[in-house]
Amino acid sequence: MGSSLRKSTEHALPESQLRRGQKTFSDLLERAPFGIYVVDSNFRIAQMNVRSQNGAFRNVRPIIGRDFSEAMGILWSEPVAQEIIAVFRQTLETGEPYYSRGFTSTRHDVAVTESYEWELHRITLPDGQKGVICYYFDSTRLRQAEEATRQSEARYRELAENLDREVQARTMELQLRNEQVLRAAEDLRELSGRVLRVQDEERRRIARELHDSAGQILTALGLELGSLAEDIHKIAPQLEVRMAAAEELVQQLHREIRTTSYLLHPPLLDEAGLSSALSWYTEGLSQRSGIQIHLDIPEDFGRLPRDMELVMFRLVQESMTNIHRHSESVTAEIRIVRESDTVTIEVQDHGKGMSQEELRKIREGGSGIGVGIRGMRERLRQFRGDLKIESDESGTQVLVRIPVPQNLVAGFAQPLRPAI
Ligand SMILES: Nc1ncnc2c1ncn2[C@@H]1O[C@H](COP(=O)(O)OP(=O)(O)OP(=O)(O)O)[C@@H](O)[C@H]1O
Ligand SMILES: [Mg+2]
């Protein structure tokens, strides 16, 4: 009796405690911010919060009391369901908790891919039996967002790499083009240099030809006329005046041919150097053009390489031709100074000058202008010299600077020593 009373008292107390406990348990389950369910020792779903019933298990009905393996079979494909069931069994039997790592699978019931974070713990149920409680969190959107981020990062990386590759390819292409343009410019420069050299050679040849063949014939003709004149004096004195005129014409022609020949290539340049050649040239030009030319070049200017002297002579010649043709100036000054490592040539007139537009075009060296000044620049390039042109309504100045090769500098000092 006592014992049964004790027993009933003992029984009554756990009963209410049990109910309270169960109530608390259910409340906790419902308030939890994630899915929770309990699988009992018979592998049936004993409890599940509403969040879970309407969430992952939305297509499993009835649910409470349902065989867990059956429920898994509804939700997941066979192998996935078997895996889940195995870990539930493991936890139920050993009490070892289980934590899933990045579970993602395609649902069997709705054919969508879902991700879950879940963990299992063994608990003792109110009836004293063991069971497994599963907490899970639907991380599908989180995983999708992660995947999207990963993909966009990969895409971004790919784009950046592509961009980098493209930039490199473009840079290479540009470098190549640049090299081609530079090479073409170099070729052109070389070609125009060669044209100028050929032109000089040709002038030299024609000059020699004129001087040697035409000159020789004229000399012979002059001699012939001379002896003819002697005969005429004896046998037909009335023809003497006409004979003298013919002789004069031959001499005139001879002079002109010589001048043309010397202008094409002044022999004095090779024989006596720049100073003498320019003196001869300016004197002749002064007479022919009426321009008063003041030439300022030291007599002991010394010698420079033949090519260099020719370039300097041609520079003065072209500048003077321009003055004669374009400036309307009646005076001109040529000043040539040799310093230890440079020669400067200055050719100045007091004519009408060039328009600013023309000056700009000439300085840029583009097309649409004559070849005279461009030719001067080309000739100078060979010797690393430079040319500047200043011009306004009071006249034009051409200023040229040519470096003297260093191996000539030592030799240059000698002519400056006082002659003994
Ligand atoms: N001393 C100068 N005074 C005024 N204008 C000048 C003078 N020198 C050159 N110019 C102007 O500059 C232009 C270019 O000169 P450049 O010597 O290059 O060519 P060009 O004399 O016209 O022809 P080319 O020399 O090819 O026979 C000339 O056409 C002329 O208008
Ligand atoms: Mg010219």
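## Exercises on helix packing and a ligand shell

Helix α8 (residues 274-289) and helix α9 (residues 306-327) have axes that come within 11 Å and cross at roughly 15°. The model you are looking at is predicted. Let's start from this pair.

**Exercise 1.** Work out how α8 and α9 are oriented to each other, and which residues bring them together.

*Solution.* 
- Step 1: begin with the crossing angle of roughly 15°.
- Step 2: angles under 35 degrees count as roughly parallel, so α8 and α9 are roughly parallel to each other.
- Step 3: look at the handedness; α8 passes α9 in a right-handed crossing.
- Step 4: find the residues. From α8 come Leu-274, Ala-277, Leu-278, Tyr-281, Leu-285 and Ser-289, and they meet Glu-309, Met-312, Phe-313, Val-316, Gln-317, Met-320 and His-324 in α9.
- Step 5: sort this contact by class, which gives nine nonpolar, three polar and one charged residues.

**Exercise 2.** Helix α5 (residues 140-235) packs with α11 and also crosses α6 (residues 240-264). Describe each pairing.

*Solution.* 
- Step 1: take α5 and α11, whose axes are 10 Å apart at an angle of about 100°.
- Step 2: since 65 to 115 degrees counts as roughly perpendicular, α5 and α11 are therefore roughly perpendicular to each other.
- Step 3: the α5 side of this contact consists of Arg-189, Ser-192, Gly-193 and Leu-196, and the α11 side of Gly-375, Glu-378, Arg-379 and Arg-381.
- Step 4: by class, the contact of α5 with α11 has one nonpolar, three polar and four charged residues.
- Step 5: turn to α5 and α6, with axes that come within 9 Å and cross at roughly 165°.
- Step 6: angles over 145 degrees count as roughly antiparallel, so α5 and α6 are roughly antiparallel to each other. Their crossing is left-handed.
- Step 7: the contact of α5 with α6 has 16 nonpolar, eight polar and four charged residues.

**Exercise 3.** Which helix gives the most to the shell around ligand 1?

*Solution.* 
- Step 1: list the helices that each supply at least two residues of the shell: α9, α10 (356-364) and α11 (372-381).
- Step 2: pick out α9, which gives the most, with five residues.
- Step 3: there are 17 residues around ligand 1, and Asn-322, Ser-327, Gly-370, Gly-372 and Ile-373 come nearest.
- Step 4: by class, the shell has six nonpolar, eight polar and three charged residues.

Methods. Residues numbered from 1 in each chain as written. Chains lettered and ligands numbered in written order. Predicted model: local features only at pLDDT ≥ 70, side-chain atom pairs only at ≥ 80, totals over all residues. Axes fitted to C-alpha atoms, helices over the stretch in contact; angles between N-to-C directions. Helix = DSSP H or I, 4+ residues; strand = E, 2+ residues; numbered from the N terminus. Left-handed = near helix turned anticlockwise from the far one by under 90°. Contact = placed C-beta atoms within 7 Å. Nonpolar A, V, L, I, M, F, W, Y, C, P; charged D, E, K, R; others polar. Near = placed C-beta within 6 Å.
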